[in-house]
Amino acid sequence: MKTARKTTYLPAPKSPSAGELDARILNLIARGVEHRCPDAGFDSLALALFRHQFALNRPYRRYCESLSRSPRNVAHWKQIPAIPTTAFKNANLTTLTPKQRTTVFHSSGTTEHRPSRHFHNAATLALYEAALWPMFAGRVTSGEWRTARNCQLVILTPTLAEAPHSSLVHMMETVRRRRQAPPSVFVGAAALENGRALATAVQSKIQNPKSKVLLLGTAFAFVRLFDAITTAPRQGRGLQLPPGSRVMETGGYKGRTREVPRKELHALISAKLGVPRTAIVSEYGMCELSSQFYAASQSAVFHGPPWTRVRLINPETDREAREGERGLIRIFDLANRASVIAIQTEDIGVRRGDGFELLGRAPQAEARGCSLMVPL
Amino acid sequence: MTTGQTIATTARLWLKRGNPWMARAKREVTAFSPQMVEMGLRELFEDIAANVEELERREAPRITSHGSRITVSHVLSGNLPNPGVVSIIIGLLAGARNVVKPATGDPVPALFIESLAAVDAKLAGRVTLTANREAYQKANVVVAYGDDVTLAVLRAKTKASFFDFGHRNSIGAVNLCHSAIRHPQSAIVAAARDVSMWDQQGCMSPQCFYIKGDAAAFAEALAHEMERFDRRWPRATLSFGDAAAIAHVRNEWSFRGRVWDSNGSTHWTVVLDKRGGWAPSPLNRFVFVRPIELLTPKLAKQLPLSTVGFAGFSLKEVMGMAQADRYCSLDEMQRPSLLLTNGSRPRVGDLIV
């Protein structure tokens with residue numbers, strides 16, 4: 001049973017200001033994704049952010065206090081209480097006042113009565129955009145793609161106007177702007193409703209059949225697209241993208257289409273679009289985070305930027321899983337300045353060095369044994 | 001010897017110190033800790049030894065020679081060993097031939113038949129174990145335990161008389177007000193026992209206690225008692241998925257309510273929820289505590305209840321709160337008597353009719 005821990009109480013340090021923290025985070029991001037952030041530097045900024053969030057994020061503070069944690073007895077970033085992602089559904093986990101909240105990202109999922117809510121303002125959106133670009137550029141458009149001219153961007157999501165609360169769409173819009181592509185690169189919500197319409201939309205976006213394509217989309221959109229290609233007789237040979245094209249897939253299925261394991265999805269992308277496995281990248285992100293993780297198709301190991309850390313937690317012992325062991329994925333994201341930097345996800349992974357292999361969603365408390373969930 | 005006397009003698013063998021069947025059950029049952037297996041089976045066979053002859057006497061008017069001509073198929077679930085043993089006993093008392101399909105990895109039915117053979121080989125010969133999932137199709141009567149989907153499939157495929165026992169929940173109701181309860185600490189010890197027995201895997205295991213009085217104090221005291229119980233009768237080692245389910249629900253409720261839990265393990269969890277109505281427990285000794293006001297008539301009507309355990313309330317009061325198959329004192333929730341005639345098993349005479 002949990003008893004009072006033997007703790008060393010330090011004088012409560014002053015909570016740093018948002019502006020001061022943003023400057024430090026942006027400075028860390030500006031060093032790039034290849035720069036390894038030493039643990040001491042990460043720790044110092046993480047603890048400063050914890051003090052800030054403990055002071056201004058009331059629901060998080062209550063949560064920390066229920067665990068007997070505060071800036072007085074948290075001396076290392078690993079000790080910062082991680083908030084479960086489901087808590088974002090139940091409370092406004094933000095340091096922003098209602099007037100400061102200009103944007104809110106919601107979790108996706110068709111069956112959720114109450115989505116997660118992650119609030120932003122101009123400053124934190126700037127952090128979000130600053131954090132996403134170096135990893136995207138380094139993992140998706142690396143090498144020859146960094147300077148590629150005449151490449152065509154196609155995005156298999158709704159537009160920002162159609163999905164203003166989607167963090168993924170906001171990310172895609174940021175990528176579009178950074179690559180100076182026109183707004184028409186989005187296929188839009190209507191096309192995503194129907195596989196054949198989606199196939200037609202993708203074909204219409206590819207203006208030049210000889211210049212390579214950068215195709216970004218959710219896993220469910222790809223599956224819907226491939227199902228349509230299979231059933232359309234005239235498109236039996238697939239929708240071959242020009243040589244040198246690249247694909248980034250992200251996100252789960254959330255019950256919107258049949259589920260396809262990642263390896264199989266990548267094989268389908270290769271077969272249907274003519275894109276080699278070496279040119280396929282997976283992204284892992286969620287609305288509760290401000291940074292993303294990427295894995296090359298062949299490796300299956302996701303890595304994040306230097307301003308993040310990942311811990312795989314053994315659910316039985318609440319201790320860190322060893323190399324090669326399964327655990328629940330806990331992410332520390334320093335770009336999450338206005339919410340909580342420590343996020344306990346519901347996803348299971350296997351620890352691989354400083355990255356993780358994603359296995360999928362942890363089982364929920366469903367009706368099992370003699371229990372039965374009653375819809376009330 | 002009558003069938004009842006033979007079974008009572010067999011049960012007494014299980015209660016003898018150093019008997020080989022209990023030793024093997026402790027070794028071979030992997031779903032529970034050896035300590036839990038020993039205590040649970042000991043209680044089961046104590047009840048059988050005490051009551052099986054009385055059950056035979058009570059059912060005698062309904063037992064006819066027709067019983068010896070029927071075949072009862074028992075399709076058992078793996079969550080608990082007890083219902084399977086009791087089901088076989090009821091089939092034997094009816095005089096029937098019994099074909100038993102145990103759950104994969106559950107050695108207890110086989111051990112029970114082996115011990116019965118040591119007393120009366122002829123009676124034990126009336127029971128056949130099978131791994132054939134379709135064996136029930138040749139029976140006159142099917143008694144099936146398991147999840148609702150499995151039971152629906154079985155029901156659709158058989159033309160035999162069908163007795164099925166699927167998902168249900170159990171709850172406790174405790175009145176802690178001074179004048180209502182004489183020994184509140186005893187009620188708390190009993191509540192901890194009811195949750196923890198058989199790692200909360202049975203449908204008679206409470207998933208929530210509704211409290212009149214100080215629910216927070218009850219929750220805290222319950223946590224202490226569950227820890228004490230766990231030290232003596234540890235919970236089983238869980239799969240990653242089951243542990244992850246508990247971790248997930250703990251995380252969620254540590255934000256929405258107040259949580260007491262085993263430190264460095266998922267062995268037991270008590271959640272105080274002052275706002276919700278019902279939420280499924282991930283089981284494995286995970287229980288909610290709520291104020292009695294949250295047990296609304298609407299909720300009580302919608303919950304398929306197996307057992308309501310109570311303390312400090314009268315039976316009439318509890319029956320007014322929730323309709324269930326069984327009402328009992330706290331401490332008895334996981335000890336259904338062999339003489340129990342409602343809800344959790346068929347009666348001997350039912351098989352023959």
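## Close-up views: cores and salt bridges

At 0% relative accessibility, R290(B) is buried. The views below come from a predicted model.

View 1. R290(B) pairs with D273(B) in a salt bridge. Their closest N and O atoms lie 2.7 Å apart. R290(B) belongs to strand β10, residues 286–291 of chain B. D273(B) sits in the loop between β9 (269–272) and β10. The two residues are 17 residues apart, so the pair links distant parts of the chain. D273(B) has 2% relative accessibility and therefore counts as buried, the cut-off being under 20%.

**View 2. A salt bridge between two strands of chain A.** R361(A) forms a salt bridge with D347(A). The closest N and O atoms are 3.0 Å apart. R361(A) lies in strand β13, residues 355–361, and D347(A) in strand β12, residues 342–352. The partners are 14 residues apart, and they link distant parts of the chain. R361(A) is exposed, at 57% relative accessibility. D347(A), in contrast, is buried, with a relative accessible area of 10%.

**View 3. The salt bridge of E325(A) and R322(A).** E325(A) and R322(A) form a salt bridge, with 3.1 Å between the closest N and O atoms. R322(A) has a relative accessible area of 60%, which makes this residue exposed. E325(A) is partly exposed, at 27% relative accessibility.

**View 4. A salt-bridge network in chain B.** Salt bridges link five side chains here: E43(B), R193(B), D331(B), E332(B) and R335(B). Side chains of opposite charge can pair when their charged atoms come close. Over all chains, a search of the whole structure finds 35 salt bridges.

**View 5. The largest nonpolar core.** This core holds 76 residues. Y60(A), I80(A), I83(A), F136(A), L216(A) and L334(A) have the most contacts inside the core. Helix α5 of chain A, residues 122–139, supplies the largest share, 9 residues. Nonpolar side chains tend to be buried together in soluble globular proteins.

**View 6. The surroundings of Y60(A).** Neighbours within four places in sequence are left aside here.

Technical notes. Residues are numbered from 1 along each chain as its sequence is written. Chains are lettered from A and ligands numbered from 1 in the order in which they are written. This is a predicted model: local features need pLDDT of at least 70, side-chain atom pairs count only at pLDDT 80 or more; totals for chains, interfaces and linings use all residues. Side-chain values use heavy atoms; hydrogens and water are left out. A nonpolar core is a set of buried Ala, Val, Leu, Ile, Met, Phe, Trp, Tyr and Cys residues joined through side-chain atoms within 4.5 Å. Buried means under 20% relative accessible area, exposed over 50%, partly exposed in between (1.4 Å probe, protein chains only). Helices (H or I, at least four residues) and strands (E, at least two) are DSSP runs, numbered from the N terminus. Contact means heavy atoms within 4.5 Å. A salt bridge is a side-chain nitrogen of Lys or Arg within 4 Å of a carboxyl oxygen of Asp or Glu.
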